[in-house]
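User: Hi, I've just opened this one and would like to talk through how it packs. Let's start with a helix pair.

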Amino acid sequence: MKEDKAWKRVKGLGLLKCKRCLSVKHFDVEEKVRILITGANGYLGERLVKTYQGKYEVFAATRENMDFTDEDKVKAAFADFRPEVVIHCGAISDVAACAMDASKSLEINVHGTQNLAKACRQQSARMVFCSSDQVYIESLTKENEAVFYLPHKEEERLKPLPVYGQHKLMAEQSCLHENPDSVILRLTLLYDMPDKAERERGKGMFGENLKTALENCLPHQVLKNTSRGITDCREVVANMEKAWSLPPGIYNFGSTGTGTVYDTVRKVFSLFGKEALVTSRGHREGGEERNLLMDTQKAEKEGILFRDTALGLYQYIKAVPFQKSAENK
């Protein structure tokens, strides 16, 4: 393929990137893409590493081999590995931990992201930043009550309440300032089949907890004042490759939902004839209503599809084989 001077070939990535408009063209891949994944020992990062090993050349970045809060260490790692794609999963994602130590959250969740975005710009690597639906947590007021329960769109003006949400929003802004070519993905709560360590920490156990309650006919309590999508992590992993070639910007990236998590769980349990097992655990401390539901039309227009939350959970519990196709929608 003869290249126009305005287009830069991104080796191994399967696309040409326009220097003027940042759009892309695809071409035949002849060599493995070099992918750097931060948070490689975390929930999403570890699954991405396992999926991509062998298929791509992967640098599984952890705090031990590349502390991304240290700009010099980031520069050294980039110079050595020369990544073409960077998937930034590393973060302090514990909302309570961020509130307790806001300075540490700022260093890791904001300044660390800024370091990576800057390095990606200097390396001409594609930056994919995993943000969070926590940026949508805000107070219910008279001014926003008419739209408060609608699914959120990417272009909204945001005033997140939790420190974690505030820092993720700051990280998004820093990322786009340092590297306008970045792709930012706002992820939901994730679940998958947990390994032993995840079971011990209670990490990503939402689907397993529902499955256990159903199998053993145990009462299951769910908060009534939170509305959000909850996504099978395998779908995030399956769709991540498409995210590399998205036009720059912010995307809601995960399962949609309707109503509260309580309503969703009751719907899932009703499909097994066990709706009566679901009980209300009341409201969160303080009683705030929370709506984290996301409008995913922007990603859908780019061919990125997720099952809705109830269907995904139902098929997970039923052990329906996961398939990487639009049929999951």
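**Helix packing and loops**

Analyst: Happy to! The crossing of α2 and α4 is right-handed, where right-handed means the near helix is turned clockwise from the far one by less than a right angle, and left-handed means anticlockwise. Bear in mind that this is a predicted model, in which local features need pLDDT of at least 70 and side-chain atom pairs count only at pLDDT 80 or more, while totals for chains, interfaces and linings use all residues. Residues are numbered from 1 along each chain as its sequence is written, and side-chain values use heavy atoms, leaving out hydrogens and water.

User: What angle do α2 and α4 pack at, and how far apart are their axes?

Analyst: The angle is about 35°, and the axes lie 10 Å apart. Axes are lines fitted to C-alpha atoms, for helices over the stretch in contact, and the angles run from 0 to 180 degrees between N-to-C directions. On the α2 side the contact uses E71, V74, K75 and F78, and on the α4 side N115, L116, K118, A119, C120, Q122 and Q123. Contact here means heavy atoms within 4.5 Å.

User: And which classes do the residues of the contact of α2 with α4 divide into?

Analyst: Five are nonpolar, three polar and three charged. Nonpolar covers Ala, Val, Leu, Ile, Met, Phe, Trp, Tyr, Cys and Pro, charged covers Asp, Glu, Lys and Arg, and the others, Gly among them, are polar.

User: Switching over: how do α7 and α9 pack?

Analyst: Helix α7 (residues 206-215) packs on helix α9 (residues 261-270) at about 45°, with axes 12 Å apart. That angle makes α7 oblique to α9, since angles under 35 degrees count as roughly parallel, over 145 as roughly antiparallel, 65 to 115 as roughly perpendicular and the rest as oblique. α7 passes α9 in a right-handed crossing. F206, L210, A213 and L214 of α7 meet V261, V265 and F269 of α9. By class, the residues of this contact of α7 with α9 are seven nonpolar, no polar and no charged.

User: What about α7 and α11, at what angle do those cross?

Analyst: Roughly 60°, with the axes of α7 and helix α11 (residues 309-317) coming within 10 Å. So α7 is oblique to α11, and their crossing is right-handed. From α7, the residues are F206, G207, E208, L210, K211 and L214, and they meet L313, Y316 and I317 in α11. The contact of α7 with α11 has six nonpolar, one polar and two charged residues.

User: I keep landing on L277. Where does L277 lie, and is it buried or exposed?

Analyst: L277 lies in the loop between α9 and β14 (278-280). It counts as buried because its relative accessibility is 15%; buried means under 20% relative accessible area, exposed over 50% and partly exposed in between, with a 1.4 Å probe and protein chains only.

User: Which residues does L277 touch, leaving out those up to four places away in sequence?

Analyst: A213, C217, L218, P219, H220 and F269. L218 is 59 residues from L277 in sequence, yet the C-alpha atoms are 6.5 Å apart.

User: How many residues of α1 are buried?

Analyst: Seven of the 10 residues in α1 (residues 43-52): Y43, L44, G45, R47, L48, V49 and Y52. Just after α1, G54 takes a positive phi of about 95°.

User: Zooming out, how many helices and strands does the chain have?

Analyst: There are 11 helices and 15 strands, taken as DSSP runs numbered from the N terminus, helices being H or I of at least four residues and strands E of at least two. Of the 329 residues, 51% are buried.

User: Last one: what is the mean pLDDT of the chain?

Analyst: It is 89, with 86% of residues at 70 or more; pLDDT is the predictor's confidence in each residue, from 0 to 100. Residues 1-7 are below 50, and that stretch has 18 contacts beyond near neighbours in sequence. Residues 325-329 are also below 50, with 12 such contacts. Where pLDDT is low, the predicted coordinates should not be read in detail.
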